[in-house]
Every structure is written in C-alpha cells, then in structure tokens.
Amino acid sequence: MSSSKRKFTAAELIPGQTYCVIKAFKDFDRITHSVGETWRFIEKNFLPYDDGLSLFVERNGQRTQYRLQWREDAQGQVIDAFPDFVEEA
C-alpha cells in the first residue's frame, strides 16, 4: 500500500489545524523546533521583498510567530518539503 500523506508547503497550512514536528528544523531566528513540538496554526504572512514567511501559531496557550525565509540558503528546503518536518496531528 502506498502512503497517502498530504503534500504541502509551509505556506499551505490549514488554519485551526494542529501540527506536530516529526523532524527537527531551525527557523530564521535559529530557534530549533524539536521532534514532538506541537502547535495550532492560526495564519501566515508573506513578505515578498525578503522572501519572508511568518507562521503565526498558538503554542502553550500563547500566540507565537515563527519566521522562515523562502531562499535556498535559508529555510527554502524546509518550507518546500514541510511534511518531512511536520505532520497534521
């Protein structure tokens, strides 16, 4: 049987959906998101002039911003292959 794992980028997260980190990654601010970390996605913001993608999530009851940069020398590979790093919980 083949896996029917949904493919999505970090820009295609579903508002209200809870996500769990399954492979550690570092964001733009060099904060490590460790395996097992969970949060509920709220919304995103994209800044095209810096290729900046901000994910706004609720974690531990608080609204938090995770910044990513959609460039190959930054977090581009993480953003493009987000299901390799997080899964819907």
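## Sheet

Five strands form an open sheet in the order 6-5-4-1-7, with antiparallel pairing. Strands here are DSSP runs of E with at least two residues, helices are runs of H or I with at least four residues, and both are numbered from the N terminus. Two strands count as paired if DSSP finds at least two bridges between them. Strand 6 (62–69) and strand 7 (86–88) are the edge strands, each pairing on one side only. From one strand to the next the twist averages 40°, with axes fitted as lines to C-alpha atoms and angles running from 0 to 180 degrees between N-to-C directions.

The model is predicted: local features need pLDDT of at least 70, side-chain atom pairs count only at pLDDT 80 or more, and totals for chains, interfaces and linings use all residues. Residues are numbered from 1 along each chain as its sequence is written, and side-chain values use heavy atoms, leaving out hydrogens and water.

## Strand pairs

Strand 5 (residues 52–59) pairs with strand 6 in the antiparallel sense over eight bridges; Phe 56 has Gln 65 in strand 6 as its bridge partner. Strand 4 and strand 5 run antiparallel and are joined by seven bridges, with Phe 41 partnered by Val 57 in strand 5. Strand 1 and strand 4 are antiparallel over three bridges, and Cys 20 stands opposite Thr 38 in strand 4.

## Loops with positive phi

Most residues other than glycine have a negative phi. Strand 4 and strand 5 form a hairpin with four residues between them, and Asp 51 in the turn has a positive phi of about 55°. Asp 51 is partly exposed at 24% relative accessibility. Asn 60 lies in the loop between strand 5 and strand 6, and its phi, near 55°, is also positive. Asn 60 is exposed, at 73% relative accessibility. The classes are buried under 20% relative accessible area, exposed over 50%, and partly exposed in between, using a 1.4 Å probe and protein chains only.

## Nonpolar core

The largest nonpolar core has 19 residues, of which Leu 13, Phe 25, Trp 39, Leu 55, Phe 82 and Val 86 touch the most other members. Such a core is a set of buried Ala, Val, Leu, Ile, Met, Phe, Trp, Tyr and Cys residues joined through side-chain atoms within 4.5 Å. Two or more residues each come from strand 1 (18–21), strand 4 (38–47), strand 5, strand 6 and helix 1 (76–80). Strand 5 gives the largest share, three residues.

Neighbours within four places in sequence aside, Phe 82 is in contact with Phe 8, Thr 9, Ala 10, Leu 13, Phe 25, Trp 39 and Leu 55; contact means heavy atoms within 4.5 Å. Thr 9, in the segment before strand 1, is buried with a relative accessible area of 16%.

## Whole chain

The protein chain has one helix and seven strands, in the pattern β-β-β-β-β-β-α-β. Its radius of gyration is 12 Å, close to the 12 Å that the globule rule gives for 89 residues, so the chain is as compact as a globular protein of that length. The radius is taken over C-alpha atoms, and the rule is 2.2 Å times the number of residues to the power 0.38.

Buried residues make up 35% of the 89 residues. Among contacts between residues at least 6 apart in sequence, 44% join residues at least 24 apart.
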